[in-house]
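Q: I have a structure open and would like to learn how to read it. Can we go feature by feature?

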Amino acid sequence: MSFALNTVYNNYLTNYTPKAVTRYDAHKKSELRSVYNSIVKQNKDAPWYLPTTSKATQQYAVDLKENARQLRNTLAQLGGLEEDSLFSKKSVYTSDEHVATASFIGSHNAGHSVPGLQLEVHSLASSQENLGLFLPDTRVALPAGTYSFDLGLGDVNYEYQFTIDEAETNREIQDRLARLINNSSIGIRADLVESDSRTSLWLTSESTGLGSGRSSVFTVSDDRTSKANGTVEYFGLDYVSREASNASFSVNGQEQTASRNHFTFDKNFEIDLHGVTQEGHPIQIGLKTDLESLTDNVAHLVGGYNEFLRAASSYLDSQSRSRQLVRELKTIALTYGNSMEPMGLTMEQDGTLRIDSNALHQSAEQSQDIPETFGYLKNFSNMLLRKSGQVSLNPMDYVEKVIVAYKNPGHNYVSPYITSAYSGMMFNSYC
């Protein structure tokens, strides 16, 4: 059952709208209880609808929910879940973003007491790569029959079985094996590479680095497989062309390693590595000034709004009800249009907001009372937060549906799954 659920969720992430998971996707029991109570209340008054069977409509509904979640996370990262913390997030600078980028994850109250750091990157964490033999596109030289091989990943072995016909070519088998491995979604990516009219199967681990006591990320063998062996040697699947390695770097002169190109430092900085530094020339990472942080936060707020609006607008031609959501988002922005313009924020014809960075920075610099000057943005973000919660709770409200019957007023009861119809969409064709 666990494997089936993982397969369903991987399909969901691949085919709909993959979004990064943040710490704001974890919730307290009280928050989950509040969501449940909201669903019960909304279901109680909702009429009966015909089920939605269109795949395009199903994808649209799931896409709306994911983009609403992303907007909420953007607002949460700016401190929007707490009235007093909005726009208090500290921004981080790095002297060379080609080497590393960073974000601040510490308390906003401790910003002034957080010292900067020096980072020197010696090498990046890398994934394991296995490059098979380059074979001509001729008939496979193996006898026809059923073959299998084991792909070991960590402490788990996955067996792959397939058949070979006499008329098949090397390329056809390699292509089938690539699809077989990729469709299993176990953390190994398979690609077909070509050179001089010959093809090879190229396996790459999605994870980087090596765990403690391990010499490889994955292994390929057919020594103890249940079907005929010989394919690993024939296709050269067990040849490790690049071994996995950990990232090597120093922070403030102290040498460290990590299995990923991502790490946290002192519970204050979250750092992503992108390149290496010249020996003896570390880069500087630290907090920006409050004024710079404020303008960055405003830019992130506007970016979150624009991204959500564009996602909804992309369905205008195919989903008629998306016009309602676009109209509601534009109305929210228009409500604060007069207050935004003096701060360098203007509304375009498509409803998106454009920032004049110089005007925004100048307004913040000349302000005698920052909270009062940018108070309208707090109201704007609060309205966006409520709208994202509404869409996330019931994206089906923006889907064209056929009403079967209204409930009897005063004698209605809770009907499950009305607002959560999109949940079952992930499981289509799996049950």
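Q: Is Asp-266 buried or exposed?
A: This is a predicted model, so every value here is computed from it. Asp-266 counts as exposed, because its relative accessibility is 55% and the cut-off for exposed is over 50%.

Q: Where is Asp-266 in the chain?
A: Asp-266 sits in the loop between β15 (262-265) and β16 (269-273).

Q: What is the phi of Ser-185?
A: Ser-185 has a positive phi of about 50 degrees, and Ser-185 is not a glycine. Ser-185 lies in the loop between α4 (170-184) and β9 (188-195). With a relative accessible area of 40%, Ser-185 is partly exposed.

Q: How do I read two packed helices?
A: Two packed helices are described by the angle between their axes and the distance between the axes. Take helix α3 (residues 55-77) and helix α11 (residues 375-393). Their axes come within 8 Å and cross at roughly 150 degrees. That angle makes α3 roughly antiparallel to α11, because angles over 145 degrees count as such. The crossing of α3 past α11 is left-handed.

Q: Which residues of α3 and α11 make the contact?
A: From α3 come Leu-64, Lys-65, Ala-68, Leu-71, Arg-72 and Leu-75. From α11 come Ser-381, Leu-384, Leu-385, Ser-388, Val-391 and Ser-392. Sorted by class, the contact of α3 with α11 has 7 nonpolar, 3 polar and 2 charged residues.

Q: At what angle do α7 and α11 pack?
A: At about 165 degrees, with their axes 10 Å apart. That makes α7 roughly antiparallel to α11. The crossing of α7 and α11 is right-handed.

Q: Which residues of α7 meet α11?
A: Leu-325, Glu-328, Leu-329, Ile-332 and Ala-333 do. In α11 they meet Phe-380, Met-383, Leu-384, Lys-387 and Val-391. The contact of α7 with α11 divides into 8 nonpolar, no polar and 2 charged residues.

Q: How do I read aromatic rings?
A: A pair of aromatic rings is described by the distance of the centres and the angle of the planes. In this structure the count is 9 aromatic pairs. One of them joins Tyr-147 and Phe-162, with 6.3 Å centre to centre and 25 degrees between the planes. That pair is stacked.

Q: Which parts of the chain does the pair of Tyr-147 and Phe-162 tie together?
A: Tyr-147 lies in strand β7 (residues 145-153) and Phe-162 in strand β8 (residues 156-164), so the pair ties together parts 15 residues apart in sequence. Both Tyr-147 and Phe-162 are buried.

Q: What is the geometry of the pair formed by Tyr-336 and Phe-380?
A: Tyr-336 and Phe-380 are edge-to-face, with 6.2 Å centre to centre and 65 degrees between the planes. Tyr-336 lies in the loop between α7 (322-335) and α8 (337-340), and Phe-380 in helix α11, so this pair ties together parts 44 residues apart in sequence. Tyr-336 is buried, with a relative accessible area of 13%. Phe-380 is also buried, at 1% relative accessibility.

Q: Which residues form one aromatic cluster?
A: Tyr-147, Phe-149, Tyr-160 and Phe-162 do.

Q: How do I read the surroundings of a single residue?
A: Thr-204 is in strand β10 (residues 198-205). Thr-204 is buried, with a relative accessible area of 3%. Leaving out residues up to four places away in sequence, Thr-204 touches Ser-127, Gln-128, Glu-129, Gly-187, Ile-188, Arg-189 and Phe-218.

Q: How far apart are Ser-339 and Phe-374 in space?
A: They are 9.0 Å apart, C-alpha to C-alpha, and 35 residues apart in sequence. Ser-339 is found in helix α8. At 35% relative accessibility, Ser-339 counts as partly exposed.

Q: What about the whole chain?
A: The secondary structure comes to 12 helices and 20 strands. Of the 431 residues, 41% count as buried. Among contacts with a separation of 6 or more, 72% link residues 24 or more positions apart.

Key: Residues are numbered from 1 along each chain as its sequence is written. This is a predicted model: local features need pLDDT of at least 70, side-chain atom pairs count only at pLDDT 80 or more; totals for chains, interfaces and linings use all residues. Side-chain values use heavy atoms; hydrogens and water are left out. Axes are lines fitted to C-alpha atoms, for helices over the stretch in contact, and angles run from 0 to 180 degrees between N-to-C directions. Helices (H or I, at least four residues) and strands (E, at least two) are DSSP runs, numbered from the N terminus. Angles under 35 degrees count as roughly parallel, over 145 as roughly antiparallel, 65 to 115 as roughly perpendicular and the rest as oblique. A crossing is left-handed if the near helix is turned anticlockwise from the far one by less than a right angle, and right-handed if clockwise. Contact means heavy atoms within 4.5 Å. Ala, Val, Leu, Ile, Met, Phe, Trp, Tyr, Cys and Pro count as nonpolar, Asp, Glu, Lys and Arg as charged, and the others, Gly among them, as polar. Rings of Phe, Tyr and Trp (its six-membered ring) pair if their centres lie within 6.5 Å; planes under 30 degrees apart count as stacked, over 60 as edge-to-face and the rest as tilted. Buried means under 20% relative accessible area, exposed over 50%, partly exposed in between (1.4 Å probe, protein chains only).
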